[in-house]
Amino acid sequence: MLTLYNVYLLLIYLFLFYIYIDCLRVGDYVTFRNVKFDSFLSGEGILLEDLVIDDALLSFDDSVFSIHLQRQYSAAIELEEFLAAYQEKMKLGTTATFAAIAAAIAESDDGSVQKYLHALKRCLYNETVLNESYMKQKLGRPVVFGDIIQLFHVKSQKYVTVTDDQLAKEERENMMIQLDSKGSPFSWIQLAPRYKIDKDGDKINTNTEIYLKVAERLNEFVHAAERENIPKGSRADAHVREVNCSLESSSWRLGIFQSSTASMEKAMLLSSQIVTIQDPETKSFLTLGLPKVESLDDDELGETTTMGS
């Protein structure tokens, strides 16, 4: 029989579990649900790089993000600025890609420029290795209010990034937000509390309402547009809104979809993992049987089509 003391201990245990176990950590898979419109932050990411909120989400993978640490981009920015300056100096045209500019430098006779380009590429490589190793070291570390992180779109392997030189499509007074494969300093997002009961330094639990503040733009947030933007071919009852960078804040309810600690346990089977099924007696694998194609001659295919019709 439960006594009052046992119930008290149980409540303390549940409270500690909620505070210390069920909190946001580096590497967690999360979702963001807009509080006002009750829609998930999502993006297709492969063909379309725009971010939207949609109340009729067809693919849940579009709305899953991973919490990544703040990456460094100083070497990448220095390389881009050097290539852009060389492009303008040599008048290579505005359509030339950075790869084409680097190839033009490699074919030139200027040895000093080639050495400088090689040094910049080496710095970029070292910076990338440092970012990846730092992410592995801090995997599973708690994330608190006030931390600057990056949102990594799991499906497309791209970062949520403010495009500082493009305006939003629907709300032209705001800046565009897209998914970018490399990211930039405009991918740095600060997790800010919505309510005064939460303050900087507090742990972030699942179902907490937060603001996504753009760290490199003063008092600007990840914002869901008020006006609907219904793509062609959508259902009549679809409600799609673009997501942009705005001075107006939007509240998001953070949900932890999968903990980073689960991915570190090799013996644990996770959803979406690819597996094989083997029969222990025959040591054979379960596979999909396909009909054997005997011939692909045009005459036989024509006869088969005629008979089938």
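Tutor: Exposed stands for over 50% relative accessible area, buried for under 20%, and partly exposed for what is in between, with a 1.4 Å probe and protein chains only. Keep in mind that this is a predicted model, so local features need pLDDT of at least 70 and side-chain atom pairs count only at pLDDT 80 or more, while totals for chains, interfaces and linings use all residues. Residues are numbered from 1 along each chain as its sequence is written, and side-chain values use heavy atoms, with hydrogens and water left out.

The buried residues of α3 are Ile101, Ala102 and Ile105. They sit on the same side of α3 because they cover an arc of only 100° around the axis, the arc being that of the directions from the helix axis to the C-beta atoms. In an α-helix there are 3.6 residues a turn, so residues three or four places apart point the same way. The cover over the buried residues of α3 includes α2 and α4, a contact being heavy atoms within 4.5 Å.

Helices (H or I, at least four residues) and strands (E, at least two) are DSSP runs numbered from the N terminus. β6 contributes the most to the lining, with 6 residues. In total, 31 residues line the pocket, and Glu80, Asp180, Lys182, Gly183 and Ser184 lie nearest its centre. The lining splits into 14 nonpolar, 9 polar and 8 charged residues; here Ala, Val, Leu, Ile, Met, Phe, Trp, Tyr, Cys and Pro are nonpolar, Asp, Glu, Lys and Arg are charged, and the others, Gly among them, are polar.

The space in this pocket is about 900 Å³. On a 1 Å grid over the protein atoms alone, a pocket is an open set of points where a 1.4 Å probe fits, with protein on both sides within 12 Å along at least five of seven lines, and lining residues have an atom within 4 Å of a point. Points are joined across faces, edges and corners, and the volume is the space filled by probe spheres set on them.

For a contrast, look at β10 (residues 221-224), which holds His223. His223 is buried, with a relative accessible area of 1%, and its side chain makes a polar contact of 2.9 Å with that of Ser250. A polar contact is a pair of N or O atoms within 3.5 Å; within protein, one must be able to donate a hydrogen and the other to accept it, and residues adjacent in sequence count only if both atoms are side-chain atoms. A polar atom of the Ser246 side chain lies 2.9 Å from the backbone nitrogen of Glu248.
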